[in-house]
Structures are given as C-alpha cells and as structure tokens.
Amino acid sequence: MRRALQLGLIILLLLLLQSAAPRTSVAATAEENFRWFCAQCHGPEGRGDGVNHTPDLPVQPRNLTDPKDVGQFSDEEMVATITKGGAVNDLSAIMPPWGDRLSEAEIRELVRFIRGLCGCQFDPALKSAAQRAKPPGSP
Ligand code: HEC
C-alpha cells in the first residue's frame, strides 16, 4: 500500500515536471539555419566574410548584404542555387547544394531572409548588366 502511494507520488511529480517544461519548437528559424549552414562562408551577418573565406578561394562567397549583387538573382534562381548548388546556375560549385538537408519551405525562408539582408528585390536590369560584364565564354 505504501509502495503504491510512493509510486503514485513519483508519477504525479513526473507529470508535473513534464507540464512545467518549456515547449520548444523543433523547426529552426531561417536565421538559425543561416548561422548553422551558411555563415561559415557568407559570414554571420552575410557580408561574405565567414571563417571559410580566404583570399585563396577561386570564387569568393557572395556578400548577401549587397543589393547590387543580390538584386541580379530572382527568388527562383536563389532557391535553385541553394537547393542544387552553385553549378546549377553556372555559378561556382564552391556554393554547396542544401536540398538534402533543408526542406523547400526552409530554403524559401532563407531566400526571404537574404532579401532582408540585402534590402532588395530582383531587378532584371542588374541581371543583364551582370551578364554583359562577363567575358565571353566564361561560366
Ligand atoms: C562552402 C562555402 C559556402 C557555404 C557553406 C554556402 N555558400 Fe552560398 N555561395 C558560396 C560561394 C563561393 C558563392 C558564389 C558563387 C559564384 O558566384 O559563382 C555563393 C553564392 C550564393 C548565393 C548567390 C547566388 C545565387 O544564385 O543566388 C546565394 C543566394 C547563396 N550563396 C546562399 C547560401 C545559403 C542560403 C547558404 C546556406 C544554406 C550558403 N549559401 C552556404 C559559398 C558558400
């Protein structure tokens, strides 16, 4: 009888503890995903100065706070680059693919987050200017 009472008290205590525990969401915010997966190259603030960035890299991680640069990419281009890697948009394969690790919704949130970093939207004029600036035959 006493044992049963003790057991009952322990269970009650466990239930109380469980309900008092803070409810945490498993879904990471775009900012958390950015800090975790992107900041080592693009930098904690997105300025292209992460710890993996060295002058030796043949292609530098982009400064995602630069509206003139980020403005040349449409949302769909950014989604494709982040999902499948830079090579998909004729960019450097140093930009890795994330489609196996992040869901499409998370990638779209990241694109919204990057739009916040640059404070810019897609500008077709910037895109054609960037294409004209490429030397012929370069990727
Ligand atoms: C290993 C380093 C590295 C990591 C990690 C990395 N990037 Fe990049 N990223 C690059 C490089 C280098 C480029 C430039 C490619 C080029 O210009 O040819 C780039 C380019 C980009 C571009 C611009 C190109 C476009 O088509 O829009 C976006 C946006 C971008 N990265 C987002 C991200 C996001 C979001 C993450 C994290 C999920 C991430 N990157 C992680 C190296 C990296």
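Modeller: A polar contact is a pair of N or O atoms within 3.5 Å; within protein, one must be able to donate a hydrogen and the other to accept it, and residues adjacent in sequence count only if both atoms are side-chain atoms. This is a predicted model: local features need pLDDT of at least 70, side-chain atom pairs count only at pLDDT 80 or more, and totals for chains, interfaces and linings use all residues. Residues are numbered from 1 along each chain as its sequence is written, and side-chain values use heavy atoms, without hydrogens or water.

Biologist: How far is the polar side-chain atom of T81 from an oxygen atom of the ligand?

Modeller: 2.7 Å.

Biologist: And what about H42 and S92?

Modeller: An N or O atom in the H42 side chain is 2.8 Å from a ligand nitrogen. For S92, a polar backbone atom lies 2.6 Å from a ligand oxygen.

Biologist: How many residues surround the ligand?

Modeller: 22, counting those with a heavy atom within 4 Å of the ligand. C38, C41, H42, S92 and M95 are the closest.

Biologist: Which helix gives the most to that shell?

Modeller: α2, with five residues. That helix spans 30–42.

Biologist: New topic. Which cysteines form a disulfide?

Modeller: C118 and C120, with sulfur atoms 2.1 Å apart. The cut-off for a disulfide is cysteine sulfur atoms within 2.5 Å.

Biologist: Why is it called left-handed?

Modeller: Because the torsion about the S-S bond of C118 and C120 is about -85 degrees.

Biologist: Is C118 buried or exposed?

Modeller: Buried, at 6% relative accessible area. Buried means under 20%, exposed over 50%, partly exposed in between (1.4 Å probe, protein chains only). C120 is buried too, at 8%.

How values were computed:
Helices (H or I, at least four residues) and strands (E, at least two) are DSSP runs, numbered from the N terminus.
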